[in-house]
Every structure is written in structure tokens, then in C-alpha cells.
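Open the model in your viewer and keep the sequence panel beside it. The stops below say what to select next and what is there.

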Amino acid sequence: MRRARRGVTVAGAELAERAVLVPTLIGVNVLVFLLTAVQGGGAGADQIVESPVYGELALAPWLVTGGEWWRLLTYGFVHLGLTHIAFNMLSLWFVGRELERVFGRARFLVVYLISILGGGVGVMLFEPQGAAGASGAVFGLLGAILVMLLRLRQPPGQILFWIGLNVAFSILVPNISLAGHLGGLVVGAAAAAILVYAPPHNRTTWQAGGLTTLLVLLVLVATTA
């Protein structure tokens, strides 16, 4: 007996029954946070920054330009305090699950990671003090949902409200990386547009080519920042 094929989504993926990557990503972030808290002797920001793991993973633009390019991605997995990680992981849980089901695991992971990279490039350009946290990725997923709704011709009012609220929060609250958030938002939206607007004929090839081009552009910008 052959298994019935599920319907193909707007991104060209089979609609998954449940999200797997989102809880996995949350688990990874929590484990890294616990490690940095143990190493730093506490869960507060002042203790976390003393952790050797935090020191190796956080985004420090002056170290990136010195050759430590992994920080443009790894910064998205370290957090400064319980409030920081709790807010980001709750946001990832509520924002990411349905998007993973629609995009498929591979495409979702690419959007997530390239959104982190986009946020990192934003920090490189405008915030030399550096940054940490998964909020750039969360903003990228918000941008991806907006693009998906527009592609499906669904009302975008609710997601626009949440994007506007989070941008306002980023502006009004001190010590929050506005450039990282906006960089993630723009790049996540661009990645989603590549996925959902790719021509149906040879869709995967168009998507891979578009995402590779976006990645190359981000790397070029980062190297000249």
C-alpha cells in the first residue's frame, strides 16, 4: 500500500503534522544558557558574560573582523539572563511552529539561520558594541510570516501589529539591539520571499539559487563592515 502524499504548501514543502525543529532549537538554546550560567556562577547578565562559552560565542564585531566569523551565527544561541532567554524562547515557540509546518524543516532551518546572520550583519554595520540572543531569528520569522500571508493574500494586520509592537519595544527599551532585530526582520522576509515566490517549475533550484545569492550578499556586506 502506498502512502498518500500530503498537500504541497506555498513554499513547496509537504505540510508537516507537527513541528520538530522549533522544540529542538529551544532545547539547544536552553542547554547553552544553562552551561553559561553554570560557568559564570549565576543566571544574571553579569554572571553570564564571565562564562568562557559566552565569550567564545557572543557577537563582538571587532573579533569578527579579526577572523572569528562563527560569531555571526553563534551569538544567536547565547542569552543574557533568564528574562532574555524566556522571552525569546516563548516567542520562538509561538511564532515558529506553524511556519515550520508550512516551510518544511529544511527550509525553516535555513530561514532561521539566515535571519540570525542578517541580524548579525545589522549589528556589524550599526552597533559596534556587539549583541547576543535569538531575537534576530525571531524577527526573521515574523518577517517570513508577513511575506507568507501576503503571498496567500491573507490579511496581514495582526502580524504587522506584532512587528510594530516589537520594533517599538526595541526602540524604547535600553540595551536592546535594534539593528540586530531589523536586520533579522529584513533578511527573514527576503528569504521567505525567495521561497514562496519561486516559480513552480524547478522550484527547489530557484529557491536554492536565491538563498545562496542572499547568503553571498550578506557575507560580502559583513566582510566590508
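The expected span of a helix is 1.5 Å times one less than its number of residues. Helices here are DSSP runs of H or I with at least four residues, strands are runs of E with at least two, and both are numbered from the N terminus.

This is a predicted model: local features need pLDDT of at least 70, side-chain atom pairs count only at pLDDT 80 or more, and totals for chains, interfaces and linings use all residues. Residues are numbered from 1 along each chain as its sequence is written, and side-chain values use heavy atoms, with hydrogens and water left out.

**Whole chain**

Show the cartoon. The chain has 11 helices and zero strands. Its radius of gyration, taken over C-alpha atoms, is 18 Å, close to the 17 Å that the globule rule (2.2 Å times the number of residues to the power 0.38) gives for 225 residues, so the chain is as compact as a globular protein of that length. Along the principal axes, the C-alpha trace spans about 55 × 40 × 35 Å.

**Helix α6**

Select residues 82-103, which form α6. This helix has 22 residues and reaches 30 Å from first C-alpha to last, close to the 32 Å expected. Now centre on G96. A kink of about 40° in α6 is centred there; the bend is the angle between axes fitted to the seven residues ending at a residue and the seven starting there. Step just past the helix to G104, which takes a positive phi of about 85°.

Colour by burial: buried is under 20% relative accessible area, exposed over 50%, partly exposed in between (1.4 Å probe, protein chains only). The buried residues of α6 include I85, L92, L99 and F103.

**S91**

Is S91 buried or exposed? S91 counts as buried because its relative accessibility is 17%. Leaving aside neighbours within four places in sequence, S91 is in contact (heavy atoms within 4.5 Å) with G96 and V138.

**Salt bridges**

The structure holds two (side-chain nitrogen of Lys or Arg within 4 Å of a carboxyl oxygen of Asp or Glu). Select E98 and R101: their side chains meet at 3.1 Å, N to O. They are three residues apart in α6, so about one helical turn separates them. E98 is partly exposed at 43%.

Finish at E68 and R71, whose side chains meet at 2.6 Å, N to O. E68 is partly exposed at 22%, whereas R71 is buried at 2%.
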